[in-house]
Amino acid sequence: MPESRDPQNPAQPAGPPPPGTWVLGRIRGIRLTMRFTWLPVAMLLAIGFAAIIGQQFPSLGGWRYLAALAFVVAFTLSILVHELAHALMAMRFGIGVSEINLGFFAAGTHIEGERKSPLEEFAVSVVGPVASLVVGGLAYLGSRAFDEGVGYVALWELGIANLIVGVTNLLPGLPLDGGWVLRAVVWKVTGNMHTGTIVAAWAGRILAMLVLAAPVILEEVWNRPPTMIDFLIALAVGFFLWMGSTASLMQARLRRKLPALQVRTMARRAIAVHSGTPISEAVRLAADAQAGAVVVIDGEGKPHALVSETAVSAVAPNQRPWTTVSEVSTRIGASHIIGINDTGEEILKTIREHPASEYLVLDAAGAVYGVLATSDIERAFRGR
């Protein structure tokens, strides 16, 4: 199944679980969650499989529903095996894993950050589909132990389902696992991780278009008239592939710009004033110094707040001589301080983990250098 690349804290996810999920527990420190949508989908699949069992084994009566539910649970566990394979391989390379989220059509393993080498990328990505193929093969072989009966049908269907999951996920296009495998191969050949992402993302777009065209292709090649269900499935899967590959493509283009982004060049020059300074005086001092930001310092000269440009604009000019900067400032936490030598990846990590409109920039000696605004970062991205 496609894996999530969003950085999270390893082993101990911060904050509550995502909305619409159950927390099932932990495996090797990894939080295991399941989407609420699993239940209605599981019921639909169980009813459909029960109908198949009922046709072949009418003597089972109502027990066919229990057998069908057991199949659905077994299939869910096989998806967990797939995701655990990703997670355990990542942990073997020392990469943090925060969560495994189960669902029939969108299970994911939240792996922390980027891989350090093409080998890590390849191993972590390919092991999931391989696990599904192994489970599928074992289930299929297990069905051979039964000449007939519910056990044969259940294991045979479980085997086929896992073989489909394994083969489908090996298709070479993002956001499928096979796309990450292709990314690793291109990365190894070119020596450029971002080139690998772009190639794999475009491959995912091509796959999406092929899936959308699949019903028509089936009719032309095998003379099989497509049904409405065929078109709906093709639309859903094609949309999923297109959106996932497009997101990966945009991320790759952004990450290509990261090395050129530096706090030193993007930070606004700032002046330091005490908390009792009137807004009008702070604005005058900033204009004289050609500064774009104001930092509030305490009695010891240490910065503790940033003056909000939006809040200052909201104060009428005739009220600014009587309003102090402390009334239009926001306290600075340790998480909202950025070093002057930070670059692209470090900047994005801070913004992602500690969202804010502005960050205090300190120089190597710990003195105030300036203020970095997220709007300036966005402008730098658009301008490059």
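This report walks through salt bridges in a predicted model.

Side chains of opposite charge can pair when their charged atoms come close. Across the whole structure, a search turns up eight salt bridges.

| Salt bridge | Distance (N to O) |
|---|---|
| R31 and E99 | 2.9 Å |
| R183 and E121 | 2.1 Å |
| D376 and R268 | 2.7 Å |

Let's start with the strands. R31 and E99 meet through their side chains at 2.9 Å. This pair ties together distant parts of the chain: R31 belongs to strand β2 (residues 30-35) and E99 to strand β3 (residues 97-102), 68 residues apart. R31 has a relative accessibility of 8%, so R31 counts as buried.

The side chains of R183 and E121 form a salt bridge at 2.1 Å. R183 is buried at 2% relative accessible area, and E121 is buried at 0%.

The pair D376 and R268 brings a helix and a strand into the picture. Their side chains meet at 2.7 Å, N to O. D376 lies in helix α12 (residues 374-383) and R268 in strand β5 (residues 268-274); they are 108 residues apart, again a link between distant parts of the chain. With 12% relative accessibility, D376 counts as buried, because the cut-off is under 20%.

Finally, which residues do salt bridges with shared partners join into one network? They are R115, E121 and R183.

Note on methods: Residues numbered from 1 in each chain as written. Predicted model: local features only at pLDDT ≥ 70, side-chain atom pairs only at ≥ 80, totals over all residues. Heavy atoms only, no water. Salt bridge = Lys/Arg side-chain N within 4 Å of Asp/Glu carboxyl O. Helix = DSSP H or I, 4+ residues; strand = E, 2+ residues; numbered from the N terminus. Buried < 20%, exposed > 50% of the residue type's maximum accessible area, 1.4 Å probe, protein only.
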